[in-house]
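Me: Could you walk me through the aromatic side chains in this one? I'll ask follow-ups as we go.

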Amino acid sequence: MVSELGLSHLFYKEYPFKKDNHAFLSAMLMLRLFALGICTMLSFSLYLFISDPTTRSILILVQGFMFFNKATDIGNTFLHAKQKMGQIAIGNIINTGTTTALGIYILIYYPNLTLFTTSYLIAAIFRLLWTFIRAKPYFPPTYTHHPTEIKRILKEVLPFWFTLTAGLLYVTADALMIKWLYNAEALGIYKAVIKQIGRAHV
């Protein structure tokens, strides 16, 4: 959610009135891609702090998986605005089917965590290709820079982004402190206990 700056919410709100507004579509697409690029670079920076080769490989695969999923979300935003829910559903089926088929095959014949993680990445790529093909007709035909529209959109979404980021920091601060003060085992125990307490309240 942080990676898209709250842009999808504004897009759904304004698209019915600006679906033929080239400046709006170009600015929105550019900002989504820019936000995705920044978040991807920040997430890959974690690679510098990990020395274990296996963990590094899995981290790269997971970050790639997240990148392709977030890129797919950009296309799905346009499909959702056009009420093409069936196309989004097909993309999800492609993703789930590919992950399941490859995952089962790998677990049976080549049981390996890195290969299993790769199955998720491959499925995410297939889903992105499908979504891009179906959403491309709704993208702006050409991109032109519209600084005034970009400033207007940022003015609209930045308060939402700051609120969302603050909320995420609030709900993860306890886990970060426990991991920092103790260790991963203590964090796992804490999360398990919190989950059980939440179920008891329900």
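**Aromatic cluster and core**

Reply: Phe11, Tyr12, Tyr15, Phe24, Phe78, Phe132 and Phe139 form one aromatic cluster, where rings of Phe, Tyr and Trp (its six-membered ring) pair if their centres lie within 6.5 Å. This is a predicted model, in which local features need pLDDT of at least 70, side-chain atom pairs count only at pLDDT 80 or more, and totals for chains, interfaces and linings use all residues. Residues are numbered from 1 along each chain as its sequence is written, and side-chain values use heavy atoms, with hydrogens and water left out.

Me: How many aromatic pairs does the structure hold?

Reply: There are 11 aromatic pairs in the structure. In one of them, Phe11 and Phe24 have ring centres 5.8 Å apart and planes at 10°, so the pair is stacked (planes under 30 degrees apart; over 60 is edge-to-face and the rest tilted). That pair links distant parts of the chain, since Phe11 is in helix H1 (residues 7-18) and Phe24 in helix H2, 13 residues apart; helices are DSSP runs of H or I, at least four residues.

Me: Is Phe24 buried or exposed?

Reply: Phe24 is buried, with a relative accessible area of 0%, where buried means under 20%, exposed over 50% and partly exposed in between (1.4 Å probe, protein chains only). Phe11 is buried too, at 1%.

Me: Switching topic, what does Phe78 contact, leaving aside neighbours within four places in sequence?

Reply: Phe78 is then in contact with Phe11, Leu25, Leu29, Tyr138 and Phe139, contact meaning heavy atoms within 4.5 Å.

Methods:
Helix = DSSP H or I, 4+ residues; strand = E, 2+ residues; numbered from the N terminus.
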